[in-house]
Amino acid sequence: MNAVEIEEAVSQLSTEPFDPEQFPFVFLAAFGNKEATIKRLRAGNTNKSDVGGVLQRNNIHIAIAEPGRTAEKLAELKASLMTERQKAKFILVTDGEQIEAEEIGSGEALACRYEELGNNFSFFLSLAGISTVREIKNNPIDIKATSRLNRLYVQLLKDNADWSTAEKRGDLNRFMARLIFCFFAEDTGIFNGTGLFTSTIQKMSVADGSNTKDVILELFRTMNLDPREGERRNVRSWADNFPYVNGGLFASDIGCPRFTRTTRAYLIRAGELDWKSINPDIFGSMIQAVADDDERGELGMHYTSVPNIEKVLNPLFLDDLREQLEAAGTNKRKLFNLRQRLSRIRVFDPACGSGNFLVIAYIRMREIEDEILRRRGEPLTRSAITLTQFFGIEIKNFAAEIARLSLLIAEFQCDVRFIGQAEARTLVLPLHATGNITKGNALQIDWTEVCPAVTVSVRKYDQGTSARRSNLETNNEEWETYICGNPPYLGSQDQSKKQKQDLALAFSGAIKSTKSADYVSGWFIKASQYSKRGGGRFAFVTTNSICQGRQVALFWPAFLGDNLEIQFAVPSFLWRNLASHKAAVTVSIVGIGVKSNRPKFVYEKNQIQEAKFIGPYLIPDHQTIVSPSRKVLSGLTPMSNGSMPNDGGGLLMSLEVYSDLVSKFPGAARFCRQFLGSHDSINGDMRYCLWIEDEEFEQALSISAIHDRIECVRKHRLSSDRKETNELADIPYAFGERRHGEGRALLVPRHSSESRPYLPSLFVGEDTVIGDSAISMRGFKMWELALYSSKLHLAWAATVCGKIKTDYRYSNSLGWNTFPVPKLTEQNKADLTHCAENILLAREKHFPATIADLYDPEQMPDGLRAAHDQNDETLERIYIGRRFRNDTERLEKLFDMYTKIMTAQEKAS
C-alpha cells in the first residue's frame with residue numbers, strides 16, 4: 001500500500017464505531033498487512049503479547065485500555081519484556097476515546113482523540129515499510145488532499161467516459177488544476193470569505209449532483225470576467241462574490257464533467273480540508289500522479305525531499321548567495337547589489353515534473369531577499385524576484401500545469417510570510433505571469449527556445465501580463481542561469497525505441513554511439529551544449545552509473561569538452577523520495593560549469609573536501625580514466641570467465657531433474673557435476689550439468705536420457721543464426737566455452753546487489769563447474785580473498801566496473817586486473833590470510849545460511865561483520881597506516897597508486 005491508500009484506510013477506521021476486539025487487526029490491515037498475516041495473529045500463532053494485546057514482531061505492540069486509563073496501559077506496554085524481545089517499533093494504546101502511542105527508537109510520542117487518528121496516520125507510516133520525510137510526517141494534509149482528489153478524479157472518469165479520451169483528458173487535468181486553486185484560494189483569503197467555493201457548491205447544487213456541473217461552470221465563467229470592464233452584467237448573484245482571477249487559469253472554455261451524488265460528496269469533502277497548510281513542493285509532486293493511470297498506484301512516491309533538492313541547489317548557487325550576504329554584513333550598498341543580483345538569476349529545470357526544484361529555489365531566494373531588507377531596515381512591499389525567472393520543461397501536460405500552480409502558491413505563501421496577509425492578497429489577483437513551463441520532450445526541444453542563452457527580455461507566459469513586482473534596474477546581459485533537476489534514469493536495456501532515438505538526437509553525433517548510454521546522459525549533453533553556447537552552470541541528480549565503469553570513457557569527454565569542468569559533486573548516496581517499498585536508488589549529484597581557478601568541492605556525508613579539480617569518477621584531484629586490462633597489474637592470481645553452456649537447456653539440470661536422472665540411470669552420475677552461476681552461488685540454489693570429456697562421449701551416449709539431452713543441444717546449435725554456434729553442433733556433448741580447470745576456485749558473481757556491504761564470493765571445489773554468469777579464480781591464495789572481500793576493493797570495483805540497473809557489475813579486466821596493491825611483506829600476507837580464514841570460519845558457523853542471508857545488510861551476523869571489519873582494519877593499515885575515513889579517501893589513494901603504476905609502465909615501454 002502507498003501512503004495515500006493508508007490515509008484512506010486509517011481515516012475510515014477512525015470514523016467507524018470502535019470495536020475493541022477488532023481494532024488491532026483492522027489497524028494492521030490498514031498498513032498493508034496481508035490477510036494471512038492477520039489470520040495468524042488472530043489465532044495467536046504469531047501474537048507474542050504478554051499483556052493481553054496484539055504484538056507483531058519487528059512491528060507494533062497494541063493494547064486496549066480501560067476507559068480513561070490509556071496512559072497506564074502505555075506504561076505497561078513500554079515495560080513489557082516482549083516489547084523489547086520482539087523488537088517492536090511502536091507501542092499503541094486506545095480506549096476508543098483516546099489514542100496514545102510512541103515510536104520506540106526515537107521516543108517520539110502521539111496523543112490524540114480517537115476520531116483524529118486519520119489526521120495522524122503519518123506517525124505510523126514506517127509500519128508499512130515506508131520511510132517518510134519530516135515534511136510529510138509533520139504536515140499530512142498533502143497526502144489527505146491527494147487522497148481525496150484522487151478519489152474524485154477516478155470517479156469522474158468512471159462517470160464521464162467521454163472525458164477519458166486522449167483528446168479530453170487534458171481538459172480534465174486543467175479542470176482539476178482549477179479546483180486546486182479554488183480550494184487553496186478559499187482557505188487563504190485570496191477569495192473573500194473562508195470556504196467560499198466549497199460552501200457555494202454545497203448551497204447552490206442539489207444533493208444528487210445533477211446541477212453541480214452548472215454551478216461550477218458559472219463560477220469558473222465569473223472568475224474570468226473583469227468587473228472593471230463591465231463584463232459581469234449577466235452573472236448570477238451567488239457567483240458575483242468571486243473575484244476576477246483571469247491570467248489564463250479560467251480563460252479557456254474546457255467545460256465541466258457531469259457530477260453525481262458521489263462525486264459531489266467527494267468534491268465537498270476535498271474542500272473541507274485546510275488547504276492553506278499545503279506545501280507546494282510536496283503536494284505538486286503527489287498530485288501529478290493523480291492524472292496518470294500508470295502512476296496512480298504510486299501516489300505519493302514522486303516527492304523529492306527538500307534536503308535532497310538542497311544538495312543540488314546549495315552548491316550550485318544558493319551557498320554563493322549566502323556567502324555574499326554574510327560578507328555584506330549591514331553595508332546597505334552591498335546588500336542592494338545582492339538584491340539586484342537576485343532579480344537577475346534564472347533557474348531552469350529541464351525535467352521539472354511538478355516544479356519541486358523551482359519551488360524550493362524560489363522560496364530560498366525569497367528568504368535571502370527578506371534578510372537583505374531586514375538588514376537594510378526596509379519593509380518588503382514588493383519582491384524583486386519574479387516567477388518569470390523560473391523556467392521548466394515537462395513532458396506531461398498535467399505536471400506542467402501543476403508546476404505553474406505550485407509556483408503561484410509558493411509565491412503567495414512567501415508574500416504572506418514576508419509581506420503580510422493583506423498585502424499578499426492585493427498582489428495575487430488578477431493572476432500574473434507565473435513560471436515559464438514548456439510542455440514537451442526535453443531531449444527534442446532546443447533549450448535556448450525555452451530559456452534564451454542571451455536574454456533580451458524574459459518572456460511572460462501563462463497567466464497574464466504585469467508581474468507587479470519591484471522593478472530594480474538590471475542589465476539584461478548580466479543574467480545568471482542555473483540549470484538543475486532530477487532527470488529520468490533508464491538504463492540502455494530499459495529504454496524504448498523512441499527513447500533511444502531521443503538520445504541519438506540529443507547527442508547529435510557528439511559520440512559514435514549512444515547504445516549503452518543511460519537516459520539521463522541526454523540531459524547532461526543538452527546542458528553541456530547550452531552552457532557552452534550561453535554560459536551558466538548546471539547540476540543534476542543522476543544515476544551514479546554515468547560516473548562509473550565504461551560510461552566514463554564513452555561520454556565524459558563529450559560532456560566536458562575543452563571548456564567545462566566538474567565544479568562540485570556528491571558521490572554515491574541513497575536517494576529516497578517520499579516513500580517506497582522499492583529499494584532506494586543510488587545516485588550522485590554532479591555540478592558542471594565553465595573552467596575557472598576557483599576551488600572545487602566534493603561533499604560526502606558530513607565532510608566537504610576541497611580540490612583543484614574533480615575527475616569524472618568524482619574523485620578529488622584525479623582525472624585518470626581506468627581502461628580494461630588483459631593482464632593483472634599488481635601480480636595477483638588471474639581471474640577468468642566461467643564456462644558457457646550454449647545448450648538450449650540440454651546440458652543444465654535442476655536438482656530435481658538431476659536426482660531423477662541418476663536414480664533411473666546410476667551410471668549417469670559420473671557425467672554430472674554441480675553447476676553454479678552468480679544467482680546459484682548467492683542464493684544457495686542447486687543445479688547440475690552434464691560434463692563429458694571428449695574421450696567419454698561414446699560411453700555417455702549409451703545412456704538414453706543423456707543421448708536425448710545431447711541431441712537437444714545439437715538441434716539448438718544448428719538452429720542458431722550465428723556460424724560460430726552452428727559449428728559447436730559438432731560437439732553437442734560439450735559446453736560452448738570450456739574454462740573448467742583443476743584445483744579449488746573462488747567463484748566471483750558478475751552481478752550482485754549494491755545493498756550488500758561486501759562483494760560476495762564462494763569457495764568451490766574442483767568438481768564444481770562455474771558458469772559464465774560468474775568469474776573463476778583457480779589456484780588463488782588465501783590473502784587474495786582478503787583483498788577481494790574488503791571495503792577497499794568494493795569501492796574500487798563499484799567505481800571502475802560500474803553497475804547494471806542497481807547491481808554491481810563485476811569485471812575481471814576492469815575490477816581485478818587494475819586493482820592497485822602495494823608491495824606486500826610475508827607478514828602482511830600472513831595477517832591477511834588469517835583475516836580471510838576468520839571470514840570463512842564466521843560463515844561456517846551459520847551453515848547452511850546462504851550468501852544472500854549472511855550478507856543481508858539488516859541481518860548480517862555480528863561475528864561475520866566483526867571478521868570483515870578486522871580484515872578492513874588490517875588491509876587499510878597496510879595501505880596508509882590507518883583506517884580510511886570514507887570511500888572518497890579510499891578511491892583517492894587507489895587512483896593515485898593506479899596512476900603511478902600506469903606512468904611507470906609507460907616509461908618502461
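Colleague: Is aspartate 621 buried, partly exposed or exposed?
Modeller: This is a predicted model. Aspartate 621 has a relative accessible area of 30%. Buried means under 20%, and exposed means over 50%. The value falls in between, so aspartate 621 is partly exposed.

Colleague: Where is aspartate 621 found, and what is its phi?
Modeller: Aspartate 621 is found in the loop between E14 and E15. Aspartate 621 is not a glycine, although its phi is positive. That phi is about 60°.

Colleague: Is leucine 618 buried or exposed?
Modeller: Leucine 618 lies in the loop between strand E14 (607-611) and strand E15 (640-641). Its relative accessibility is 3%. The cut-off for buried is under 20%, so leucine 618 counts as buried.

Colleague: What is the phi of leucine 618?
Modeller: Leucine 618 is a residue other than glycine. Even so, its phi has a positive value. That phi is near 70°.

Colleague: Which residue is joined to proline 430 by a cis peptide bond?
Modeller: Proline 430 sits in the loop between helix H17 (421-428) and strand E8 (436-439). The cis bond there has an omega of about -10°. The partner of proline 430 is leucine 429.

Colleague: What is omega for the cis peptide bond between phenylalanine 847 and proline 848?
Modeller: Start with the place. Proline 848 is in the loop between helix H30 (826-844) and helix H31 (851-854). A cis peptide bond joins proline 848 to phenylalanine 847. Its omega is about 10°.

Key. Residues are numbered from 1 along each chain as its sequence is written. This is a predicted model: local features need pLDDT of at least 70, side-chain atom pairs count only at pLDDT 80 or more; totals for chains, interfaces and linings use all residues. Side-chain values use heavy atoms; hydrogens and water are left out. Helices (H or I, at least four residues) and strands (E, at least two) are DSSP runs, numbered from the N terminus. Buried means under 20% relative accessible area, exposed over 50%, partly exposed in between (1.4 Å probe, protein chains only).
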